[in-house]
Structure formats: C-alpha cells, structure tokens
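Thank you all for coming; I would like to take you through one model this morning, going from its helices to a sheet and then to a ligand. Please keep the structure open while I talk.

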Amino acid sequence: MKLYKIFRRPPSFISVSTWIKKEDQTIKSGPDARLPIIVPILEMQYGTITEKLKMIGPLFDMFKSIMINMRKSAKSIIFNPKLGKRQITEEHLKELKNKANELGISTIGFTKVNANHIFKDFEILYDNAIILTMEMNKGLMAKGPGQENMNEIMRTYDGLGIAVNEIADFLREKGYNCHASPAFGGDINTVPAAQDAGLGFVGNNGILISPEYGPCMRLAAVFVDIENLPFPENNEHGWIADFCNSCNKCIKKCPAQAIYKTPHYNENGGRVYIDPVKCAEPFSRGCSLCVSSCVFTGGHYDKIKRGYEMKMSKVDEISTGTEEKG
Ligand code: SF4
Ligand code: SF4
C-alpha cells in the first residue's frame, strides 16, 4: 500500500482549511493541478528506520519549529483584517522588502497564482503571491549526500517557515490580508510560481534555477489580495530550458535514475520532473546531487549564459553557411 498516495493532505491541526470559514471565498486548485507528495510520509515508507533516526535525530528541534510554524501559518488567517487594504504603498513595499531581507530572505518576487499550481484539492485565500527564496549554502550543498546537506535543507525549511509568518504578521499590522504558505507543507507548487514571478527558470532537475544562487534555494509564498504588486512582464531566464536539454548532467549524476529525461505528466496532467519513489531512499540519506552537481551550482550564471549564447551563435553561423552553400 502506498502511504504517500493515501495521505495527500496535511493533518487538520496544520491545514489552513481548518480555519477557513464558510463565507471565505477561496481559490481552488485548477483542473491540471498535481497532487502534493508529503515527503515525510514518503520517507516513512521508503527510507530505512535506522537511517532516518540517524539523519533526523539531530534535527528534532528544527522539525518541532517547522511544525509550530506550519500551524501558525494556517491558523493565523483568523487575524486577517478581512476588509484589508487592496493597494500597497511604496513605503510599505519597501518596508516589506527590508523586513524580508532581515529575515534572511535571498530574493523576492511577485506573481498571480495559476490555479493549476495550487495542489489538487487544496485552496488558498488570495491569489496574488509574494514568492520568497532562501539560499542554501553552496559550499555545504557541494559536499554531496550526508548530514551536512540535510542540516542545510532543514535550516532553510525552518527559516522560511519563520519568515512567512513574520512577513504575514507585518502585513496584517499594516492592514493587509494574507495567507502564509511555508516551504514545508505549503499549499502550492512554488517552483513554477517562482518562475512566473521571474525569479529564475525550472531546470531539468525540477528545481528553480536562479541567476543569484542557481538551484541552491528553497521557496515559500505569502498570498495576498493586494492588487498593485509589481508583477514582472516577462521572464528573461527562458534560455535555461534549452541549455538544460544539452546538459543533462543532473540526470546522469542521480544515483536512483529518478530524474526524467523529459518531464512526465501525472494522472492529473501536472508536469513532474522526478520520480518521487525512486528519489525517496537516497533523499532520506541526505542526497541532493541534483543540486550539487548542477552546472549552475558550480558556475556563474552570466558566464554560463555567455558560453551558451556563443555556442548558439556558432550554430546559427553554421546553419546560415550551410543554407548559403545550398
Ligand atoms: S535527491 Fe538524489 S535521488 Fe533524488 S532526484 Fe536528486 S539526485 Fe536523484
Ligand atoms: S545539471 Fe544541467 S540539466 Fe540539470 S538542471 Fe543543472 S543545468 Fe539543467
């Protein structure tokens, strides 16, 4: 029996649906939404008990903090002003960015949430999103699978859980409605949402690749009904998709052959890059080779882009020359 297929929702004490009232007009998942996978449940089924205890034992306090903050994110919607302000002032937007910075947020973006990015059968209160990223230390991630990797992953899960709640508290104090969605146990697939917010582009490893931190980041969101957020008009990182197709290093490095060469579509039509069952066991041992081996973890975004553009211009020259020669 596949436990992770049965438990598709977080338990009620950490689920936002517990505090949503009948009169709240929520935004439901779209027809192509994908089911969430609750990683701890998957790990429970596929990792070994000894490995899990060894890996997770030292992280108990962080786990506790993550759970406390998940509950706070869900329950704190009851403190929304309801008739919240719909227009954010420049001053408040600046304060919001400063606050995020103080909380260890690396980059911040804004987007309208595509309903297909809300996990299937989940709901959110507002569909304008503030997307937050937190950098994972490249040096630690580059060390490869192990406790240090796992510590760093959990540090950012915890940090983002704290940050979304602090930001939600700040916005409510200023008179805005919000719904905090932490990195661990969030309500949407933040990777494509962050792409929509222009923060980077999804790589073949299924992770957002950003110019500042490559794939060494975790993501979270705060949903608001503020109408004048600075949404980007386009995403300048689309070239990454083409670059990935000629790279595939992460696919070769994955010890479980868990990364699909071309993304699959799940039973609901949602795009999936990784087989979660194949990934579960190595991940429970701290594997994150798809992050550490990525060209963007070791290299600099601008340099990689320049190399890609030069390669493409040579390809263009060759094909033009071939055409001219007939
Ligand atoms: S975490 Fe490891 S096993 Fe999972 S997809 Fe990444 S490289 Fe593969
Ligand atoms: S290793 Fe290569 S293919 Fe994989 S995500 Fe990074 S750039 Fe893309």
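Predicted model: local features only at pLDDT ≥ 70, side-chain atom pairs only at ≥ 80, totals over all residues.

**Helices, a sheet and a ligand shell**

Let me begin with helices α5 and α7, whose axes come within 10 Å and cross at roughly 155°; axes here are lines fitted to C-alpha atoms, for helices over the stretch in contact, and angles run from 0 to 180 degrees between N-to-C directions. That angle makes α5 roughly antiparallel to α7, because angles over 145 degrees count as roughly antiparallel, under 35 as roughly parallel, 65 to 115 as roughly perpendicular and the rest as oblique. The element names follow DSSP runs, numbered from the N terminus, with helices being H or I of at least four residues and strands being E of at least two.

Residues are numbered from 1 along each chain as its sequence is written, chains are lettered from A and ligands numbered from 1 in the order in which they are written, and side-chain values use heavy atoms, with hydrogens and water left out.

Returning to the pair, His92, Glu95, Leu96, Lys99 and Ala100 of α5 make the contact with Glu166, Ile167, Phe170 and Leu171 of α7, where contact means heavy atoms within 4.5 Å.

Helix α7 (residues 147-173) also packs with helix α4 (residues 60-75), at an angle of about 30° and with the axes 9 Å apart, which makes α4 roughly parallel to α7. Among the residues that meet here are Phe63, Ile66 and Asn69 in α4, and Met154, Tyr157 and Asn165 in α7.

Now to the sheet, which is open and has four strands in the order β2-β4-β8-β5, with antiparallel pairing; two strands pair if DSSP finds at least two bridges between them. Its edge strands are β2 (107-112) and β5 (178-181), each of which pairs on one side only, and the twist averages 20° from one strand to the next. Strand β4 (residues 128-135) is joined to strand β8 (residues 217-224) by eight bridges, and Leu132 has Ala220 as its bridge partner in β8. Helix α5 (residues 90-102) packs on this sheet, where it touches β2 and β4, and its direction makes about 130° with that of β2.

Finally, which residues are around ligand 1? They are Cys254, Pro255, Ile259, Ile274, Cys279, Pro282, Cys287, Leu289 and Cys290, taking near to mean one heavy atom within 4 Å. Helices α11 (276-284) and α12 (289-292) are the elements that give two or more residues to this shell.
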